[in-house]
Protein chains: 2
Amino acid sequence: MQIHLDGFHPGDPHVAPADAGALPHGATPPGEVDVLIVGCGPAGLTLAAQLARFPDIRTAIVEQKDGPLVLGQADGIACRTMEMFEAFGFAERVMKEACWINEVTFWKPDEAKPGAIVRHGRVRDVEEGLSEFPHVVLNQARVHDFYLETMRHAPTRLEPYYARRFTGLAYGADGFVAARFEGASGAETIRTRYLVGCDGARSAVRQAIGRRLVGDSANQAWGVMDVLAVTDFPDIRFKSAVQSAAGNLLVIPREGGYLVRLYVEMDKLGEDERVAGRGITVEKLIETARRILSPYTLEVKEVAWWSVYEIGQRICDKYDDVPAGEARQPRVFIAGDACHTHSPKAGQGMNFSMQDTFNLGWKLVATLRGQARAELLATYSAERQAVAQELIDFDREWARMFSDPAAAAGQGGVDPKAFQTYFERHLRFTAGMGTHYQRSLIRNDDAHQHLAAGFTVGTRFHSAPVVRLADAKPVELGHAGKADGRWRLYAFAGAGDPARRDAGIHALCRFLDEATDSPLRRFTPPGADPDAVLDLRAVFQQHHRDLAIEAMPALLLPRKGRHGLIDYEKIFCAEPVGGADIFARRGIDRAEGALVVARPDQYIADVLPLGAHGRLAAFFAGFMLAPAG
Amino acid sequence: MQIHLDGFHPGDPHVAPADAGALPHGATPPGEVDVLIVGCGPAGLTLAAQLARFPDIRTAIVEQKDGPLVLGQADGIACRTMEMFEAFGFAERVMKEACWINEVTFWKPDEAKPGAIVRHGRVRDVEEGLSEFPHVVLNQARVHDFYLETMRHAPTRLEPYYARRFTGLAYGADGFVAARFEGASGAETIRTRYLVGCDGARSAVRQAIGRRLVGDSANQAWGVMDVLAVTDFPDIRFKSAVQSAAGNLLVIPREGGYLVRLYVEMDKLGEDERVAGRGITVEKLIETARRILSPYTLEVKEVAWWSVYEIGQRICDKYDDVPAGEARQPRVFIAGDACHTHSPKAGQGMNFSMQDTFNLGWKLVATLRGQARAELLATYSAERQAVAQELIDFDREWARMFSDPAAAAGQGGVDPKAFQTYFERHLRFTAGMGTHYQRSLIRNDDAHQHLAAGFTVGTRFHSAPVVRLADAKPVELGHAGKADGRWRLYAFAGAGDPARRDAGIHALCRFLDEATDSPLRRFTPPGADPDAVLDLRAVFQQHHRDLAIEAMPALLLPRKGRHGLIDYEKIFCAEPVGGADIFARRGIDRAEGALVVARPDQYIADVLPLGAHGRLAAFFAGFMLAPAG
């Protein structure tokens, strides 16, 4: 972490100095804001934490409940989500507290012993090299805690307004939306430039803009319980998918070494029947789990939480308030469960919800600051709805396979082997790596993909280890990508660099520094640090002991802050750290090098030659706006 | 981390439930305690944090200053100290905030260009595999913060009493010591079973027990300053030892990417002369640094902190109040700078001080609880004084070499090459790995050292990666060693294990479980968890997929807590993680296996055959006491 740029400050470096100009937190919500978030779930908090670092943007977040969540329902945290937590600055805390899912084991009916189950397979949960982070399980309430702390420590000192129910909205002629709430002290109205409904599956904001969730139900009831139990089932600390003659069950070990979550298949439901009518008790859940796990014993000592639900996948056709075909820009958005719901066992609901607003956050910032054209905002629904639809399709198939009667091959059900194969094929998807955005004004074509085959345009920037030139520290290159609204230009030098002054890195720096069509020159506000909008990082193929930092272009040693201090964290070396170097790992062209453009949400917008200055300029000119004046 | 053993509790798992029986924190200190700590420096806080987790021990810590440290002087944190921080639970936070020292570079006068300096060498700061932690630099005040938070989150909710100056002590006939303090509201007296003076180089506790620091001074003044500066010196983010014709200088990069500490050689002092008399200003420090770094420029933008000091190494002959030759048990101890002072540049003062009280803490706990004979307490001074004397000897030599006039070979000074060689040889020492305790009642002989050559008896347990059997999680074995006062028995299985029921791990477990002379049976209090005093961990040579957890001895799956839940974190597999397995890394006999006994402070007390049950029993019987009743 970089601190003390504008002078030495003692104390906890995670607590940013409060900004005097930020909207203060009062007893009641402010009358007017730029962004109003409805709902303190994972989607709402991701957006609030993202906006909290910008004191020039007036943000409020309102929640219907009386206070923070204590006991969460969701628990699985995908690798991709961990990468995002790293950008928010608390990944290492989640790593420490959470339960790591390292392997998945598979159980089926024992053909030799009717009524018993037997292990028939085990696979790594996350394939080698998929991410620098593990797949973990942690109480959703703790994820909320980390976001709330991030907000509290940000320059805006952002805090939610609790105990206020959204009751409706009205569009004003002045471009504002008036949102109405009902609280303990009566009705309140907040005027906002943008309203974001993160208010869950029964979203009132969604209803207010006339959108609805459509989808289907598998007519299958499931139970879920977090228990402290004693068992001789040997895989109780593994994620285990158990198919038995008595039904199906999924074991998810939980944080702390003792707690475990069991998803238990319960009754088939009739057409349009809701599970609530069945009167399923926790005793029945436990009894069913015991039958499924037989001949192993299960002695439940304490139930920390339990619930029953029916499987279903539903989605909205659009995530904003602009009817299809209309050209105006959106003012109201929905995110998370408000626009897509999933079966819990695919472990996707919470993860997808957070990625929704990580996608939306930087777009709101850029638009509100006048740094980008308002067309940018339409890409939120376009991008997120498409990938959610893909997820729903996967999810439906997955739930169907999981709920099918357990059966050995040939008995009409899903073959256990086929089940495992499908599971393995989709582990990448459940790791959160299924997202692949399509061509848009913020995602270029794949014309130069061959220069860096491992950085697929439209997917997230896949980090790899490098060594920092200035201090020889081994670091993850992708961790340069913080949730700060900035674009990253990762320049991978060709073999001839840095000796070549007329091409490669030097030429790119000269272009960015000097050319009139340089996006860095055009779009960086006057007086701001040179990396305030576009953050350039360079990776060389030489060993750090073979490169002279004093010969580097000035743009890679930028002078920043009120003292004009040198930022030494822009230049890296691709020497191998625990295996192949980043050029090998990501298939980067060693002769030509490559420039990888990563968006503020870490997705790759373009891969292009280092010398394609015109293409780079045109890309940013397509949606960015030069500072006024 | 393991949580929820005694039932599910939401919230931050780092905050232990407050213990109703613990000594409450009041407006004034309590009248009587078991342990009274004087001084809130690194030594005092390490001890307080250690004791804070034991609500049955009444602890108070008193500090002369008005509140917590804001700006610290010490900054280097050795690998060994990081290992201890891991035991206290905050290593990952230090890793994140701190500046990592990865390499050291060496500069000397340029023979070709008089008055200029040139780089002549660079070495890794920490040799490969020396520790799983890096050598880092972080403001001492932040280290204090982490300890204070650890205390606040412990069951005792321990807080310091500030603004009280220790003025003297009196021994009572009842075994208590009465310590007197002077505070804002007058004189206070605290009766205590044990008094620990962690009150710095001018320790009043030391004076009260009639001990003194003896040693010498190099009659050399040095300046130190933390600055935000702009320079073209290329190694400003490396630890750099600069010898120039204009004097010597040490560069220590600091946390946050911009701050840097410079140690600058200043005036030679006369015999017995103190540096204060020289009137050295910060301007003079800067000017000298600029001359030394020439031809590179140094433009200081802000000085965060600076000081001048004279080099000296001093030490007490004994760290407690028992005169040499007397047999009574100590009641007063001194630790940290109170009994040894060092030149800052060896980076040892703070690190050594914390290891002092990490050594003392568990001994006080065991004695106060009646779990160990009082003779245990005499080992504190014996062990720590001996290793400090070794450090002082090293330190004196190091300071002498550093202050010697810079010189190319043959000009009478220290040869730069010899300097670097000496530096490299002692990097292990500065990493905190120089400590090697000698034979005592808590450190057995080396008779079976050959069974595990890499676990040297008397040195710290050197962690290595393993895989946990129950959930296939890759973990550091040594991180089982928490600062909880427990002994660890690391049992490394021979190749035949676990099939052999009559020998190896099974036989060891049976002995520990059943034998009348089993230290586990003898010394574990009735009703306590089986691992409350001796924490057994087993490491097998098989891959985790080839071992059946259901076939393991019950002692390796102990039932714990009020629910009798199974602890699944006792069994590990030695499959290779990023290289060789732990048997190869630590030279463990693959045929016979080995049992490594680690003390609560992580130092190795014995290496013995798995079947040497009698030796194991005799070792613990030598100092442990069975519970009364």
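## The interface between the chains

The contact between the two chains takes 62 residues from chain B and 62 residues from chain A, where contact means heavy atoms within 4.5 Å. This is a predicted model, in which local features need pLDDT of at least 70, side-chain atom pairs count only at pLDDT 80 or more, and totals for chains, interfaces and linings use all residues. Residues are numbered from 1 along each chain as its sequence is written, chains are lettered from A and ligands numbered from 1 in the order in which they are written, and side-chain values use heavy atoms, with hydrogens and water left out.

Chain B and chain A bury about 5,600 Å² between them, 58% of it on carbon and sulfur atoms. Buried area is the accessible area (1.4 Å probe) that two parts lose on being put together, summed over both. Phe8(B), Lys96(B) and Tyr258(B) supply 14% of the area that chain B buries against chain A, more than any other three residues.

## Symmetry

Chain B can be laid on chain A by a turn of 180° and a shift of 0.0 Å along the axis, with an RMSD of 0.0 Å. That is the relation of a two-fold axis. The superposition is by least squares on the C-alpha atoms of residues with pLDDT of at least 70 in both copies. Of the interface residues of chain B, 100% are also interface residues in chain A, so the copies meet through the same surface.

The rule finds eight salt bridges across the interface of chain B and chain A, a salt bridge being a side-chain nitrogen of Lys or Arg within 4 Å of a carboxyl oxygen of Asp or Glu. The side chains of Arg562(B) and Glu302(A) meet in a salt bridge at 3.5 Å, N to O. The largest share of the side of chain B that touches chain A, four residues, comes from S11(B). Helices (H or I, at least four residues) and strands (E, at least two) are DSSP runs, numbered from the N terminus.

## Helix H11 of chain B

Helix H11 (residues 504–514) of chain B is mostly covered, with eight of its 11 residues buried. Buried means under 20% relative accessible area, exposed over 50%, and partly exposed in between (1.4 Å probe, protein chains only). Among the buried residues of H11(B) are His506(B), Cys509(B) and Phe511(B). The buried residues of H11(B) pack against elements of chain B including strand S20 (487–492), strand S25 (594–598) and helix H14 (613–621).

## Strand S25 of chain A

In chain A, strand S25 (residues 594–598) has five of its five residues buried. Ala594(A), Val596(A) and Ala598(A) point one way from S25(A), and Leu595(A) and Val597(A) the other way.

Strand S20 (residues 487–492) of chain A runs antiparallel to S25(A) and is joined to it by five bridges; two strands pair if DSSP finds at least two bridges between them. Phe492(A) stands opposite Ala594(A). S25(A) also pairs with strand S26 (residues 604–608) of chain A, in the antiparallel sense over four bridges, and Leu608(A) is the bridge partner of Leu595(A). Five residues lie between the strands in the hairpin of S25(A) and S26(A), where Gln602(A) takes a positive phi near 80°.

## Arg384 of chain A

Arg384(A) lies in helix H8 (residues 378–403) of chain A and is buried, with a relative accessible area of 0%. A polar contact of 2.7 Å joins the side chains of Arg384(A) and Tyr437(A). A polar contact is a pair of N or O atoms within 3.5 Å; within protein, one must be able to donate a hydrogen and the other to accept it, and residues adjacent in sequence count only if both atoms are side-chain atoms. The backbone oxygen of Phe352(A) lies 3.3 Å from a polar atom of the side chain of Arg384(A).
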